[in-house]
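Welcome, and please take a moment to look over the model below. The briefing that follows walks through it topic by topic.

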There are 2 protein chains.
Amino acid sequence: SLRINWQDGVANHLNPLWLRERCMSELTVDTDTKQPKMNPHDLPENLGVEEAGLIEGKKSLWVSFSDGHTSEYSLDRLRAELVRFRETPLQVPAYKKLEPRLWSGGACRMPEFSHEEVMNSERTKLALVEELLIGGQVLVHGVPQQDGEVVRFGQMFSTLRATDWGACFNVRTRPDEALAGGDAGLGAKKDLAYTPKPIGFHTDNPYRWPTPDFQLLHAIEHCTCPDGHAPCDGCQVMNFMVDGFYIAELLREEDPEAFDLMCQVPVRFENNGGDNGSALVHVAPHFELEDGSEVAEGSRPALRALRFSAKSGQYAPPLEPEKLAAFYRARRRFSELAHDPKHVLSLQLAPGSLLMFDNQRLLHARSSIAPTDGERWVQGCYVDRDGLWLNFERWRRRLGAGSA
Amino acid sequence: SLRINWQDGVANHLNPLWLRERCMSELTVDTDTKQPKMNPHDLPENLGVEEAGLIEGKKSLWVSFSDGHTSEYSLDRLRAELVRFRETPLQVPAYKKLEPRLWSGGACRMPEFSHEEVMNSERTKLALVEELLIGGQVLVHGVPQQDGEVVRFGQMFSTLRATDWGACFNVRTRPDEALAGGDAGLGAKKDLAYTPKPIGFHTDNPYRWPTPDFQLLHAIEHCTCPDGHAPCDGCQVMNFMVDGFYIAELLREEDPEAFDLMCQVPVRFENNGGDNGSALVHVAPHFELEDGSEVAEGSRPALRALRFSAKSGQYAPPLEPEKLAAFYRARRRFSELAHDPKHVLSLQLAPGSLLMFDNQRLLHARSSIAPTDGERWVQGCYVDRDGLWLNFERWRRRLGAGSA
């Protein structure tokens with residue numbers, strides 16, 4: 001291996017294959033795309049470093065390998081990757097990885113945007129995506145109250161994640177009317193969310209794999225509270241948001257074993273297809289951690305996704321008695337913390353409001369709907385995560401925002 | 001807890017919360033959808049069983065709990081869930097979980113279907129989905145050679161997984177022409193696959209999270225070998241498929257530690273957005289196992305997904321020297337086994353052929369394209385996994401196929 005002594009006293013032993021994997025010469029990569037051309041078994045099994053040296057005036061290193069090839073490396077790039085492996089991609093000229101900023105209801109302000117500004121300004125679009133990726137939620141005002149607008153809006157930011165319910169779903173609750181029960185066009189699809197009953201904190205569709213990433217909810221028809229103080233007599237329905245990652249971290253602080261059980265015990269999420277004509281079943285733990293925690297230096301593995309939904313069953317497996325009892329205590333505590341009003345952000349949708357949030361991080365809930373609330377038509381859809389990352393990076397570069 | 005002694009001598013201790021979670025009374029679930037109405041913290045923390053007994057003539061159990069509620073349970077259902085937790089959902093009347101059947105090239109026959117039959121028969125659609133979920137691949141003949149047909153075909157089976165490349169992508173290679181390099185409509189998106197060069201075995205888009213599940217490739221324009229023996233002089237390009245799960249299991253047999261490293265070491269997959277204008281980065285191990293292996297009785301955790309793509313970088317992290325060297329040996333061996341001709345299924349697309357396969361299980365590769373192969377236009381797209389499961393179960397029930 002090759003030993004590098006950095007000026008700050010740190011030393012690294014670099015594996016020859018690790019170095020060669022990073023070679024950017026024409027022999028190794030397609031020069032247009034920087035995509036490697038060789039398969040892992042195309043290089044000699046015992047590839048070694050023959051010689052190496054610094055290139056004067058270039059902050060670069062040359063390395064000649066035992067198969068006769070010589071590569072050149074930027075020392076800054078090598079060092080950056082040794083320190084921040086996840087944030088130092090090689091096939092791209094710039095990259096910014098956003099870290100989530102966890103929040104508790106009391107201390108949190110919902111980031112708000114006007115639809116007009118979003119439509120007219122790429123900078124506002126960038127700010128919106130940045131909020132979504134950091135805090136997990138945004139509220140947009142003044143979105144045209146039209147059928148399908150939520151899909152058009154979502155597709156400005158990422159690719160649509162349709163389901164068997166269609167491109168979007170309609171939560172259209174008319175209490176005390178025979179119509180209660182969802183989108184008539186689809187033929188009697190049923191879900192608890194399509195009734196006036198309250199729904200506890202949950203993420204959507206944990207019974208799907210892959211699970212929809214970001215959710216949009218657009219209030220096409222909705223009551224309002226005239227003096228701005230919601231709820232009011234004529235408009236009682238409220239929406240609630242809580243940062244599931246924040247709650248999970250509270251649990252980790254309070255009881256690390258409880259947190260571990262929520263990461264380890266697979267539960268069964270279910271759905272009958274809405275019309276009882278099929279079955280969707282996904283077995284997975286409530287919490288999902290970033291892969292390969294062993295590369296993080298001493299730090300705790302970060303949360304990557306979270307799924308929690310009482311109505312989807314989340315049935316526990318038949319574990320041995322003590323472990324199962326501990327798991328139920330852990331989940332009960334998580335549910336209790338999530339529903340604690342001090343962590344919750346309450347809001348009331350207004351006609352034309354659009355709420356967009358990370359469905360694998362935030363939990364959402366809804367109060368009961370009063371008969372006096374009148375017509376309520378909320379249209380929702382999902383979009384994929386990767387498109388948000390892609391547009392964030394594209395718009396960030398185009399607008400010259402932030403550091404590389 | 002409640003102790004049940006089954007007639008075959010097995011005894012189970014049932015946790016009161018585990019039992020209550022399975023209560024199907026009106027107090028607990030919405031009777032229309034069977035969705036539970038209570039949050040995990042809504043029940044008493046120390047819920048106990050007060051009394052229980054068999055209901056004569058019904059193969060049922062009644063249980064009265066310490067909060068005064070009484071529930072009834074089917075003994076068959078309880079037993080089934082204790083034995084096969086993953087395959088015994090409660091909110092649905094029937095469910096069949098298909099298990100993958102791994103294959104090696106020599107012993108494998110590609111399942112083939114005619115487009116006309118698929119269009120005219122739900123039974124053929126069911127057979128096609130079943131093949132996809134068990135063997136991971138199907139080939140359909142006679143698909144109309146029209147732009148967009150691949151998307152229409154895919155959407156009969158599941159929801160479309162679009163990307164920033166659009167609803168579909170066009171692999172249109174015209175060697176020795178200035179046009180080489182992809183779909184002109186998108187403005188110079190570039191990828192190794194859009195050149196006449198050979199591409200080693202890979203899965204698509206491991207740099208996306210979520211990763212596209214199933215891939216469709218439709219040959220709109222393609223050369224043919226007149227006497228049916230491919231390749232031939234006028235049509236040299238070949239496609240290759242290998243069952244990544246089969247190869248991974250070979251590795252597990254041969255060297256369990258190598259297999260574990262492929263499950264544990266996170267590598268960095270990258271893409272520059274195709275036009276070098278953005279960045280997609282996903283860090284994950286090559287192999288992904290089913291969650292919660294601790295519930296499987298003595299068996300080895302099954303593979304759930306696999307990602308492998310030399311051109312996407314799959315850069316290894318800076319691990320400690322011995323572990324990194326062992327990882328490179330493991331990956332080299334996997335790559336070697338995957339490219340071993342005895343495990344590979346070779347095929348040549350014909351005009352109107354459509355290949356559909358599990359992109360998180362099968363690896364695909366392509367030979368180089370000869371200038372004499374002429375025009376080649378392959379259009380591809382992706383669809384989601386959950387829609388395939390949903391349609392499988394829906395069609396299976398409707399056609400009364402197989403057992404519940």
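This is a predicted model: local features need pLDDT of at least 70, side-chain atom pairs count only at pLDDT 80 or more; totals for chains, interfaces and linings use all residues.

Helices (H or I, at least four residues) and strands (E, at least two) are DSSP runs, numbered from the N terminus. Axes are lines fitted to C-alpha atoms, for helices over the stretch in contact, and angles run from 0 to 180 degrees between N-to-C directions.

**Helices α6 and α8 of chain A**

- On the α6(A) side the contact (heavy atoms within 4.5 Å) involves A:Gly244, A:Ile247, A:Ala248, A:Leu250, A:Leu251 and A:Glu254, which meet A:Ala330, A:Arg333, A:Phe334, A:Leu337 and A:Ala338 of α8(A).
- By class, the residues of this contact are eight nonpolar, one polar and two charged; Ala, Val, Leu, Ile, Met, Phe, Trp, Tyr, Cys and Pro count as nonpolar, Asp, Glu, Lys and Arg as charged, and the others, Gly among them, as polar.

**Helices α4 and α9 of chain A**

- Helix α4 (residues 122–134) packs with helix α9 (residues 385–398) at an angle of about 135°, with their axes 9 Å apart.
- These two helices are therefore oblique to each other, and their crossing is left-handed.
- Residues of α4(A) including A:Leu126, A:Val129 and A:Leu133 take part in the contact, and among their partners in α9(A) are A:Trp389, A:Phe392 and A:Trp395.
- The contact of α4(A) with α9(A) has eight nonpolar, no polar and five charged residues.

**Helices α7 and α8 of chain B**

- The axes of helix α7 (residues 256–264) and helix α8 (residues 321–339) in chain B come within 9 Å and cross at roughly 100°.
- The pair α7(B) and α8(B) is therefore roughly perpendicular.
- From α7(B), B:Ala258, B:Leu261 and B:Met262 make the contact, while α8(B) contributes residues including B:Phe327, B:Ala330 and B:Phe334.
- This contact of α7(B) with α8(B) divides into seven nonpolar, no polar and two charged residues.

**Domains and chains**

- Chain A has domain 1 (2–86) and domain 2 (105–398), with bounds from an automatic or database domain assignment.
- The C-alpha centres of these two domains of chain A are 44 Å apart.
- Where chains A and B meet, 104 residues of chain B are in contact with 104 residues of chain A.
- Together the two chains bury about 8,800 Å², 56% of it on carbon and sulfur atoms; buried area is the accessible area (1.4 Å probe) that two parts lose on being put together, summed over both.
- Of the area that chain B buries against chain A, B:Trp209, B:Tyr315 and B:Arg332 supply 9%, more than any other three residues.

**Backbone details in chain A**

- A:Trp209 and A:Pro210 are joined by a cis peptide bond with omega of about 5°, and A:Pro210 sits in the loop between β9 (199–202) and β10 (214–221).
- Another cis peptide bond runs from A:Ala230 to A:Pro231, with omega near -5°; A:Pro231 is in the loop between β10 and β11 (239–243).
- A:Lys34 is not a glycine, yet has a positive phi of about 65°, and its place is the loop between α1 (16–21) and β3 (49–55).

**How to read the numbers**

- Residues are numbered from 1 along each chain as its sequence is written, and chains are lettered from A and ligands numbered from 1 in the order in which they are written.
- Local features need pLDDT of at least 70, side-chain atom pairs count only at pLDDT 80 or more, and totals for chains, interfaces and linings use all residues, while side-chain values use heavy atoms, leaving out hydrogens and water.

Methods: Angles under 35 degrees count as roughly parallel, over 145 as roughly antiparallel, 65 to 115 as roughly perpendicular and the rest as oblique. A crossing is left-handed if the near helix is turned anticlockwise from the far one by less than a right angle, and right-handed if clockwise.
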